[in-house]
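Dear colleague,

I am passing on a structure for you to look over, and my notes on what was found in it follow directly below the entry. Please read them with the coordinates open beside you.

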Amino acid sequence: MRRLVIGALALLLTSGTATAMDHSGSASGQWTGAQLGVLYGYSWMKDMNNVLRLTAEGDGDVMGVYAAYNRQVGHFVGGGEVTYSRHDNMFTDGSGVRVGDVFAAKLRAGVGYDRYNAYGMVGVTHGTTNLAGDDWGAVFGVGLDVLLTHYLVAGIQYNYYNYVDFNHTKIDADLSEVTVRLGYKF
């Protein structure tokens, strides 16, 4: 999986496809608009349970969908994004706890230059598990999007999810994910 993510990043950075620049060669709001897309990647987690003095870990695949809206002013690109992802992570401590659905709403801010958009994110997340229920947390991340054509967007994104006292279980869980994304820009 790590090779897939690294290969996708290399493809994004070296892609020689058409740009969406105007005739003067400047970025003229090309990142403004809505996007819908799919994502696939790898995630890993830690349970920092200070009460029982245990550390449990797990990893697995993640897949999902996203919707975003950006507004570009000069080189500044700001907007928002919502994602739904399905995780296939189980703690390796024998507890049987598996991460399930993760929803997130994030604010995005970054720099758009030519056909590239690098950004940071902050937001809220709602996660579910098979045994411990569900809870709200915080999400932070960074990403890089590339316009492959005027309408087709590819990207890579890293997200860090933090849940404190997950569903009153005294479990502080950290979940990280790296995803490659493919979307359509309206």
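Of the contacts in the protein chain between residues at least 6 apart in sequence, 61% join residues at least 24 apart. Please bear in mind throughout that this is a predicted model. The secondary structure comes to one helix and eight strands, and along the sequence these follow the pattern α-β-β-β-β-β-β-β-β. The chain has 186 residues, of which 46% are buried, and it exposes about 9300 Å², with carbon and sulfur atoms supplying 65% of that area.

The largest nonpolar core consists of nine residues, namely M45, V99, V102, A104, V139, Y161, Y163, F166 and L175. Two elements, strand 4 (98–113) and strand 7 (152–163), each give two or more residues to this core, and the largest share, three residues, comes from strand 4. As general background, nonpolar side chains tend to be buried together in soluble globular proteins.

With a relative accessibility of 22%, D114 counts as partly exposed.

In strand 5 you will also find V122, which counts as partly exposed because its relative accessibility is 42%. Leaving aside neighbours within four places in sequence, V122 is in contact with A105, K106, L107, V139 and F140. The C-alpha atoms of V122 and V142 are 9.0 Å apart in space, although the two residues are separated by 20 places in sequence.

Turning to charged pairs, a search of the whole structure finds five salt bridges. One of them is between the side chains of E81 and K106, at 3.2 Å from N to O, and it links E81 in strand 3 (residues 76–90) with K106 in strand 4, 25 residues apart. Both of these residues are buried. E81 also forms a salt bridge with R108, where the closest N and O atoms are 2.6 Å apart, and this pair again links strand 3 with strand 4, across 27 residues of sequence. The relative accessible area of E81 is 3%, so E81 is buried, and R108 likewise counts as buried, at 4%.

A further salt bridge joins the side chains of D101 and R86, at 2.9 Å from N to O; since D101 lies in strand 4 and R86 in strand 3, the pair ties together parts that are 15 residues apart in sequence. R86 is partly exposed, with a relative accessible area of 41%. Through shared partners, salt bridges join E81, K106, R108, D145 and R181 into one network.

With best regards

Definitions and conventions. Residues numbered from 1 in each chain as written. Predicted model: local features only at pLDDT ≥ 70, side-chain atom pairs only at ≥ 80, totals over all residues. Heavy atoms only, no water. Core = buried A, V, L, I, M, F, W, Y, C linked by side-chain atoms within 4.5 Å. Buried < 20%, exposed > 50% of the residue type's maximum accessible area, 1.4 Å probe, protein only. Helix = DSSP H or I, 4+ residues; strand = E, 2+ residues; numbered from the N terminus. Contact = heavy atoms within 4.5 Å. Areas by Shrake-Rupley, 256 points an atom, 1.4 Å probe, with all protein chains shown as cover. Salt bridge = Lys/Arg side-chain N within 4 Å of Asp/Glu carboxyl O.
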